[in-house]
Amino acid sequence: MGTENEDEFENAASQEDELLEMDEEAQRSTDQNVEMNIFDAVRGSDGNPVDPVRLQGKDSFCFSCHKDIDCWNECCHGADITLTPNCILRLSKHFEQTAAEFLKEYTVPAMFGMADLPVAKLKMGGKDGKGACPFMSDDGCSVYEDRPATCRYYPLGILSVKHKEMAEVNDFHFLVKETHCCGHKESKEQTVDAYREEQGLEEFERVNRGWTDLLMKMASWKGLGGPWGENIDTRKKQMFFMATTDVQTFRRFVFETKFLDTYEIDEEAMAILKTDDQALLLLAFDWLKSIFFNEPTLSMKELVLQGSIAQYREETGAA
Ligand code: SF4
Ligand code: SF4
């Protein structure tokens, strides 16, 4: 059962024609107790593609995509694909590039919805960005094993809802039915859970959850002008982009600046962080939660903490 706020949200949902409208409504909401995020899979702009039915894991839908289908590769043109941190990790490794090289060659910067935080989007072909994805081939997706999360979800979208005071995030799926996609006419029936497993989504959600949390939290604070009424400044936005997209630079930031003099990281964790990129991303999310929202995700070293308290007292005249 949901909380009171989630119930309100449920009621509002039933009155909306489609989930995208619901997203806009949610993002305009001044209720700061509910954090929401929609990660959809809408590729084009042909009408109202979202089926406003929430799907749970055991719910079934008919869909199949294969090379003999009339619309083969149509969805890989002009697609709006936000790359999650794990997408960038997987794709840059795929091309044996650093994250910085990958970002420069294949992405464009963008701001993510109401969170107003910088993200990278896949750069589509053509001057108007309506051309083919750089990874599209006649045989389909040339990076299939490392394809982005959005391409894995398709034709599902995911809506995450979380009450601010609670740790649990409720995810709901919904179906995106774009008119050009003939896959919905196919007879193959599968549950949402089976589709998710086939698409390897668990790893992406596990690694990206901290990033999704940050986007949800920031969007929810926006109604108050930012965390505790203060906008996130440009420098912090740049830090967010660096830490969530460029693992090599973030590793240098951790190991070659005063980071380890500031935060308590034990020896075992440090050894893992030197080589494990996904673990480093988790540290990046914890660090960002701590500097954006004062969350106790990282412990400051005692001396640094005492220095910060002394400085605060000096600046504010507090006893
Ligand atoms: S990454 Fe692959 S599946 Fe995704 S839009 Fe590009 S070609 Fe299509
Ligand atoms: S069936 Fe849908 S997902 Fe598959 S190629 Fe056609 S448009 Fe793309």
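Visitor: Which residue in β6 is the bridge partner of Thr-82?

Guide: Lys-121 is the bridge partner of Thr-82 in β6. This is a predicted model, where local features need pLDDT of at least 70, side-chain atom pairs count only at pLDDT 80 or more, and totals for chains, interfaces and linings use all residues. Residues are numbered from 1 along each chain as its sequence is written, while chains are lettered from A and ligands numbered from 1 in the order in which they are written.

Visitor: How many bridges join β4 to β6?

Guide: First, the terms. Strands (E, at least two residues) and helices (H or I, at least four) are DSSP runs numbered from the N terminus. Two strands pair if DSSP finds at least two bridges between them. Here, two bridges join β4 to β6 (residues 117–122), and the strands run antiparallel.

Visitor: What is the strand order of the open sheet?

Guide: The order is β4-β6-β5, with antiparallel pairing. β4 (82–83) and β5 (107–112) are the edge strands, each pairing on one side only.

Visitor: Which residues of α9 are buried?

Guide: Buried means 20 or more other C-beta atoms within 10 Å of the residue's own; exposed means 12 or fewer; partly exposed lies in between; C-beta atoms are placed from the backbone. In α9 (residues 247–256), Val-247, Phe-250 and Val-254 are buried. They cover an arc of only 65 degrees around the axis, so they sit on the same side of α9. That arc is taken from the directions from the helix axis to the C-beta atoms. Arg-252 and Glu-256 are exposed on the other side of α9.
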